[in-house]
Amino acid sequence: MTQMTVLASLNAALRAALAADERVIVLGEDLLDPYGGAFRVTRGLSTAFPDRVLAAPISEGGIVAAATGLALRGFRPVAEIMFGDFLFLAGDQLVNHAAKYRAMFNDQVRVPLVVRTPAGGRRGYGPTHSQSLEKHFLGVPGLWVVAPHALADPGALLRQAIFDVEDPVLFVEHKIGYGEPLRTELPGYEPVRLAGTASPFPTLWLKPRGAADGLLVCYGGMTQPALDAAALLREREKLELGLVVVSQLAPTPATHLDAILAEAAPAAVVTLEEAPAEGGWGAEIIATIEQLRDCRRMAAISYRRVAAESTPIPSARALEDAALPQVEDIVAAVLDCF
Amino acid sequence: MTPRANRPAPLAVTDRASPLADHYRVAAAIRSFEQMLLDQFARGRVGGTTHTCIGQEIAAVAVTAALDRGRDCVFSNHRGHGHFLAYCGETFLLLAEIFGRPDGVCGGRGGSQHLHLGNFYSNGVQGGTVGNAVGVALAEKRKRSGAVTCAWLGDGTFGEGLVYEAMNLAALWRLPIVFAIEANRIAQTTPTERQLAGSIAGRCAAFGIPVAETSGTELADLLAAASRAVDAARAEQRPQALVSHAVRLGPHSKGDDTRPADVLQAAWANDPLAALRQRVGAAAEAIDREVAEQMREVLAAALAGIDAP
């Protein structure tokens, strides 16, 4: 039996959601079979559920607007934006409509909407098809931002986004990760899953065998580079790094970070993200951890951010590699802390 | 006695069978409400902002009267007090909301532009609500509820790209929706001829959406046209557009009218509410007194600080 990939897990979760609940409607561009979506995440769904998988024109704003209306009236729509780069075309809908209705209508409505999108680079797609723009949607009141990875169950995360949350969820899938097999065995680590009512989307904490010298905090597409860097640092430098793989990008899962901080007492924290560091996710994570550390009167922590260069992502692969964070950049940042 | 019992009763709203005098009562109440609101702003008794619909009351009353309130849905915009009051008559809930009171229709969180009650929704960003209305129409079609959705938009809103995405989706998906377009000749301070190329009817026609144009000043004509549009949307399960050409007589917001005095004078000389009042005849005087009394009660109640329920 072949091992299930992230793509297959997401596809199976969508199929199961459609089968389980008539309120689930999947809509987006080029979703219908035989194509099944630009990255094939919805392949087979329109054949199995012809009435509930809707092909939409090239209208990202219209798609999310219509999905918001569906959600207001009792459906649980799952909209696909073909590339995360196009999120701003639906940005007004996410920020000023879907995310606001529940609060501004004084909790009298719910907007259980999921907007899925493939994001990230490393495929040579160039400046407008490679970005990780999700940082611009962090901190929007009423909007959850969630990212799956291959070390947990991506399908379970998507199911949670569709059924367990009554507010809009921006679900960011790294396109390089679609082909990765799911991994539950991670030799050298003790996996701890953190979740709770305040931050329902789980954080995976991979504790090293011995005491952690530091923590690598990452999400989505930076998870595999983090594992590779941690292996190199263990081998070359005898440094033991714990990995914190976040799936709930917003709101920041402070309770998870606090529990990890209290137990790990790291000397160094390095955040990893594929977008430029400025105004980014890593800055928010570091600010949160530092505040928690100060409240706990713990010893000082060295912080570093590993992120992309502040440039449109070049098309040429060598130039793209230079612009995006690599394993060696993580190694260097960690060593810089010690 | 509960605080609710202290509140002034809602206006009696109208439907297709209502006599003209009853429609006039709602339109006059909307006018009176809006003028009272501007006065309260001028006195500094209320903060924030508001957009009144003075001059456009008849469209709100006629289009809403054509709907079936038991199931139909309404998505309104920034200039939505008339739409809201014609839908539910809840003058106190609206005024309390604008005054930021916890017993306002959205607990004071929404204010003038962000209202929700029953099947009525509004938001203050141009264009986006039209797309949400399309989603609501899609939801109701899939539920087979038989509901029609009414999406209010202005001629100024036609500058927003999402309007065309929404119209395209509504036509492609054959949705029971009526685009109720208030072509009030001005977008904030910009006259229509400086912000809209071609025509509204032509833009709707490009999507194969039937358009009915009305003066927006004759209640009976508007009610007939709106009834035809709503019935067609329901029976044929496809979008319809209805244009009302009534001119905005008041400011965009508060005291920010830049139109020359003679233009405004000419517009007021053709005040459609005054014409409707004449048609109602002798009964209008009593209705006006009744409306004035209601507005005094509503204002007193909103100012009196009734406790939140």
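Mentor: Let's take chain A. Look at its contacts between residues at least 6 apart in sequence: 77% of them join residues at least 24 apart. Two residues are "in contact" here if their C-beta atoms, placed from the backbone, lie within 7 Å. Before we go on, keep in mind that this is a predicted model, where local features need pLDDT of at least 70 and side-chain atom pairs count only at pLDDT 80 or more, while totals for chains, interfaces and linings use all residues. As for labels, residues are numbered from 1 along each chain as its sequence is written, and chains are lettered from A and ligands numbered from 1 in the order in which they are written.

Now the overall build. Chain A has ten helices and 13 strands; these are DSSP runs numbered from the N terminus, with helices being H or I of at least four residues and strands being E of at least two. Its C-alpha atoms fill a box of roughly 55 × 45 × 40 Å along the principal axes. A compact globule of 338 residues would have a radius of gyration near 20 Å, and chain A agrees, because its own value is 20 Å. That radius is taken over C-alpha atoms, and the globule rule is 2.2 Å times the number of residues to the power 0.38. Of the 338 residues of chain A, 55% count as buried. Buried means 20 or more other C-beta atoms within 10 Å of a residue's own, exposed means 12 or fewer, and partly exposed is in between, again with C-beta atoms placed from the backbone.

Next, the domains. Chain A is assigned domain 1 (6-177) and domain 2 (189-337), with bounds that come from an automatic or database domain assignment. Their C-alpha centres lie 26 Å apart. Where they meet, 30 residues of domain 1 of chain A are in contact with 25 residues of domain 2 of chain A. On the domain 1 side, β5, α5 (154-163) and β6 (169-174) of chain A each supply at least two residues, and β5(A) gives the most, with three. By class, that side has 14 nonpolar, twelve polar and four charged residues. Here Ala, Val, Leu, Ile, Met, Phe, Trp, Tyr, Cys and Pro count as nonpolar, Asp, Glu, Lys and Arg as charged, and the others, Gly among them, as polar.

Chain A also touches its neighbour: 23 residues of chain B are in contact with 24 residues of chain A. The largest nonpolar core has 202 residues, and A:L216 and B:V134 are among those with the most contacts inside it. A nonpolar core is a set of buried Ala, Val, Leu, Ile, Met, Phe, Trp, Tyr and Cys residues joined through C-beta atoms within 7 Å.

Time to zoom in on one strand, β1 of chain A. Five of its five residues are buried. Both faces are covered, with A:V24, A:V26 and A:G28 on one side and A:I25 and A:L27 on the other. To count as a pair, two strands need at least two bridges found by DSSP. Follow A:G28: its bridge partner in β3(A) is A:E80, and in β2(A) it stands opposite A:A55.

A:P34 sits in the loop between β1 (24-28) and α2 (45-48) of chain A, and the peptide bond joining A:D33 and A:P34 is cis, with omega about 10 degrees. There's another cis bond from A:A250 to A:P251, with omega near -10 degrees; A:P251 lies in the loop between β11 (248-250) and α7 (254-264) of chain A. Finally, A:R122 has a positive phi of about 75 degrees although it isn't a glycine. A:R122 is in the loop between β4 (114-119) and β5 (144-146) of chain A, and it is partly exposed, with 18 other C-beta atoms within 10 Å.
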